Amino acid sequence: MTSAVRRSPARRIAVAALAVGTAAVLVACGSRGPAAVEEAGPPQRGGDATIVLGVEAVRGLDPAMLFNLTPSGDANRMSAIYGTLLWADAATGAVSPGLAESLTPSADGAQWTLVLRPALTFSDGTPLDAEAVRFNYARIADPATRSPLAPLLAGVTTTVRDARTLQIDLATPNFSFDRVLATNLTFIGSPTAIAADPAGFANEPVGAGPFVLREWVRDDHMTLERNPTYAGPDEPLLDTVTFTVIADPTQRINTVASGQAQAAVPGSDLSFRDAAAQRRLAVTEAPAGGGPTFLFNTARAPFDDVRARRAVAMALDLADLDSVIDPGSAAPEGLFGPGSPFGSPGPLVEHDAAGAQQLLSQLAAEGKPVEFTVTLTPSGLFKRTAEYVQSRLSTFRDIAVTIDIVDNATIDQRVFRDRDYDMSAQIVPVPDPEPNLYKLLHSTGQTNYTGFADPALDAALDAARSTQDTAAREAAYATVQRIVADQVPILPFREQVAYTVHRPELTGLVLHGDGALLYDRLGLAAS
Amino acid sequence: MTPAAPTVPATTAAAERPTRRRRHGRLLARLAHLVGVLVLVTLAATALVDLLPGSPAATILGPTATAEAIAELEAETGYDRPLPERYATWLGNALTGDLGSSVQSNRPVLEQILDRVPVTLELTVLALVMALAAAVPAALLAAHREGGPADRAATGLASGLLSVPVFVAGVLLIYAFAVVTGWFPVSGWSPLSDGLVDNLAFAFLPALALAIGEAPGFYRLLRGDLVHTLHQDFVRTAEVRGLPRRYVLLRHALRPSSFSLLTVAAMTFGRLLAGSVVVESLFALPGLGALALQAIPARDLPLIQGIVALVAVVYVVVNMVVDAAYAVLDPRVRAA
């Protein structure tokens with residue numbers, strides 16, 4: 001039985017007037033309220049959940065055509081529709097089975113055997129068997145597809161051993177291939193639907209995940225209903241999941257607080273965790289390594305000189321930087337994050353203003369003053385970062401910083417493709433060093449945008465992926481951290497925490513990859 | 001005996017011919033103006049996108065694509081051709097109703113635009129109605145007793161509201177009427193086809209946020225014109241004849257004072273239809289502004305061209321309607 005408090009019109013008007021009056025004050029002062037989250041009961045079968053995301057999946061949801069999936073955009077949708085063959089814990093990078101029962105390496109790490117769960121079918125009735133996985137991987141590798149994932153499968157051959165078993169032969173041994181698969185090759189589409197309309201598949205995705213696409217109104221909502229034929233590790237509880245798109249992160253939180261939605265992915269600013277707590281919402285989070293990271297273009301002046309990179313890294317007090325750009329966040333613990341068995345905790349480069357000034361003066365005396373441009377996207381976090389860097393470094397002599405805020409397409413071209421930049425930044429979550437750190441730091445890495453090439457670093461990264469021995473990996477990554485701290489091709493500047501804000505009654509939130517949810521776990525607690 | 005058919009005096013018929021010719025000429029000139037504006041605006045939109053770094057092909061293939069792969073896709077899609085050739089192809093297709101397909105979603109541009117128009121159109125109309133419903137009575141009241149308490153209060157309020165940016169108004173409205181009281185939804189949209197009540201519940205706050213931005217301007221404009229008109233001789237004559245003040249205000253002063261308001265309201269209609277980006281983004285409305293906001297960073301040229309063409313058409317058509325409305329409001333314009 002429900003009860004409602006009836007209010008007189010005069011009282012309602014008074015409440016609204018008071019609210020309007022106080023709204024400006026509260027917004028201006030950033031007032032904080034109590035933060036007690038109610039306990040939720042056990043989940044039950046049934047119910048509808050609305051998840052608020054930040055951006056529309058404008059390019060559709062074809063797993064072969066997407067790269068750098070974001071939880072606030074396409075990753076959550078993909079996870080719900082396709083499920084996952086394997087998934088990597090967003091905090092630790094530990095790989096767990098999903099639609100695949102197992103993925104095991106050969107003794108030398110050059111051959112992997114993927115075994116699928118029995119009775120898997122796509123929602124159009126096509127079996128999700130070894131042939132379907134082979135079809136998807138062959139499509140990615142086919143140059144005609146122009147898949148951004150193709151480099152991950154370069155030199156890889158796949159052989160169907162039986163209906164549920166696929167043999168994957170790698171070009172070079174890699175004991176971390178399971179992490180590559182779990183983070184980049186985990187979504188499989190129906191071969192029947194892809195073959196019927198390869199171009200249209202992105203807009204009408206068919207997977208074997210816990211939910212099936214029912215309706216998609218772009219920039220408004222995407223409604224999914226429970227897949228009755230889902231044969232993954234858990235049984236989906238919710239009847240429907242609806243994704244809505246709200247660009248403003250505060251509005252995403254407000255929408256959940258008002259009860260219009262059950263969860264929201266706020267994006268990269270960690271300060272929204274406080275905003276959620278003020279509204280008595282729960283936060284499920286996964287702290288990892290990496291995070292927002294400065295990239296120095298080591299292929300040209302001034303950052304082709306390691307002293308310039310060191311000077312900037314030493315000049316910046318990251319704890320202070322984080323308190324300004326993202327209140328409530330902390331500086332990163334080393335290269336690998338607080339819970340990682342790799343590397344050592346503490347700052348990667350110690351803040352040393354005097355040392356930084358000494359290096360800057362030395363460079364200026366040699367006729368190489370450190371004058372550079374910070375090229376960043378217009379997101380709030382990065383804009384504030386650029387302004388902070390310019391402001392703080394202006395207190396030093398022999399250094400000049402210019403800010404260049406450009407849109408994503410320009411960043412793609414200038415920074416990532418043409419390497420026409422001095423200093424930039426991107427968010428690189430590192431729950432495990434593989435695969436993201438390898439791609440970023442190895443001289444042949446797919447995302448080595450700094451142009452940094454160090455044989456010792458390459459050797460350490462290769463050594464780490466060519467062994468299953470934990471001690472050997474720890475030794476290799478200790479070397480990696482030492483070289484990065486010394487050479488500073490990159491500098492993580494804020495802790496990495498993937499998180500989702502939700503109403504307490506939404507339970508079963510497990511974050512994987514860069515922070516997407518596992519949708520066969522989600523449920524609503526009995527009220 | 002059959003009555004003789006009425007004959008038009010020769011002098012009247014002769015006078016009408018040049019008038020009709022003049023009207024036809026004016027209409028043709030208007031249409032030529034429409035075509036000229038459309039060509040210039042869409043050409044400029046195409047050229048501007050060309051000047052921006054990044055290309056549609058590069059956006060499609062992502063940051064790790066090689067230069068060769070980008071060049072290959074540009075050749076396939078025709079983005080490597082010279083600007084005049086690309087524009088001529090687009091224009092030829094547009095004349096047959098084919099605005100192309102979005103480079104990102106691969107969906108027809110016309111279909112995407114038509115999906116969004118109802119949202120933005122409803123938002124614009126509601127905002128204009130709200131703004132005018134507040135501004136016109138307030139201006140009449142203020143002009144009625146120029147310098148009186150009502151005038152000072154309304155003018156002070158208008159000055160205050162003029163300095164409130166639309167995003168601030170939107171945030172405050174959301175906090176007060178959605179977060180605190182829960183009277184309206186925080187964000188989102190419910191189409192008219194799902195019921196009028198739900199539709200208005202979702203449209204009210206964003207329309208009000210826009211109206212708060214527009215109403216003060218409307219008020220100040222109309223109040224100023226009304227005050228000026230009320231000092232005219234014909235108004236004084238009407239008052240001397242003993243006509244009630246309310247009658248004089250509504251029947252004698254309002255009509256000649258509404259020219260500027262009509263022009264500005266019409267321009268506002270065009271502007272809101274094209275540029276409610278902030279409000280659409282804040283309230284998560286699937287309108288044209290949100291679509292444009294998505295298309296520009298993605299270098300989605302066909303989509304940008306389609307939106308720009310629509311906005312240009314709206315502006316020119318609204319201008320034509322305003323011209324026609326002048327003639328209705330003022331017989332002197334008809335005679336000219």
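1. Across the interface of chain A and chain B the rule finds three salt bridges, a salt bridge being a side-chain nitrogen of Lys or Arg within 4 Å of a carboxyl oxygen of Asp or Glu. In one that involves Arg146(A) and Glu72(B), the closest N and O atoms are 3.4 Å apart.

2. On the basis of the numbers: this is a predicted model, in which local features need pLDDT of at least 70 and side-chain atom pairs count only at pLDDT 80 or more, while totals for chains, interfaces and linings use all residues. Residues are numbered from 1 along each chain as its sequence is written, chains are lettered from A and ligands numbered from 1 in the order in which they are written, and side-chain values use heavy atoms, with hydrogens and water left out.

3. The size of an interface is often given as the accessible area lost when the parts come together. Here chain A and chain B bury about 3,600 Å² between them, and 57% of that is on carbon and sulfur atoms; buried area is the accessible area (1.4 Å probe) that two parts lose on being put together, summed over both. Of the area that chain A buries against chain B, 19% comes from Arg59(A), Arg146(A) and Arg417(A), more than from any other three residues. In terms of contact (heavy atoms within 4.5 Å), 41 residues of chain A meet 46 residues of chain B.

4. Not counting residues up to four places away in sequence, Thr64(B) touches Phe67(A), Pro148(A), Gln446(A) and Tyr449(A).

5. Over all chains the structure holds 35 salt bridges. Among them is the pair Glu225(A) and Arg214(A), with the closest N and O atoms 3.2 Å apart. This pair links distant parts of the chain, eleven residues apart: Glu225(A) is in strand E10 (residues 221–226) of chain A and Arg214(A) in strand E9 (residues 211–217) of chain A.

6. In chain A, the axes of helix H14 (residues 455–465) and helix H15 (residues 470–487) come within 8 Å and cross at roughly 155°. That makes H14(A) roughly antiparallel to H15(A). Axes are lines fitted to C-alpha atoms, for helices over the stretch in contact, and angles run from 0 to 180 degrees between N-to-C directions. Angles under 35 degrees count as roughly parallel, over 145 as roughly antiparallel, 65 to 115 as roughly perpendicular and the rest as oblique. The crossing of H14(A) and H15(A) is left-handed (the near helix is turned anticlockwise from the far one by less than a right angle; clockwise would be right-handed). The residues of this contact divide into eleven nonpolar, one polar and one charged. The classes are nonpolar for Ala, Val, Leu, Ile, Met, Phe, Trp, Tyr, Cys and Pro, charged for Asp, Glu, Lys and Arg, and polar for the others, Gly among them.

7. In chain B, helix H13 (residues 288–295) and helix H14 (residues 301–329) have axes that come within 9 Å and cross at roughly 145°. H13(B) passes H14(B) in a left-handed crossing. Leu288(B), Leu291(B), Ala292(B) and Ala295(B) of H13(B) make the contact with Leu303(B), Ile304(B), Ile307(B) and Leu310(B) of H14(B). By class, that contact has eight nonpolar, no polar and no charged residues.

8. Helix H4 (residues 83–95) of chain B also packs with H14(B), at an angle of about 60° and with the axes 12 Å apart. The two helices H4(B) and H14(B) are therefore oblique to each other, and their crossing is right-handed. Arg86(B), Tyr87(B) and Trp90(B) in H4(B) meet Leu301(B), Gln305(B), Gly306(B) and Ala309(B) in H14(B). The residues here divide into four nonpolar, two polar and one charged.

9. Backbone points to check follow. Most residues other than glycine have a negative phi, and most peptide bonds are trans. A cis peptide bond, with omega about 0°, joins Ala301(A) and Pro302(A); Pro302(A) lies in the loop between strand E13 (282–296) and helix H8 (306–315) of chain A. Glu434(A) and Pro435(A) are likewise joined by a cis peptide bond, omega being about 0°. Val488(A) has a positive phi, near 50°, and is found in the loop between H15 and strand E17 (490–492) of chain A.

Definitions and conventions:
Helices (H or I, at least four residues) and strands (E, at least two) are DSSP runs, numbered from the N terminus.
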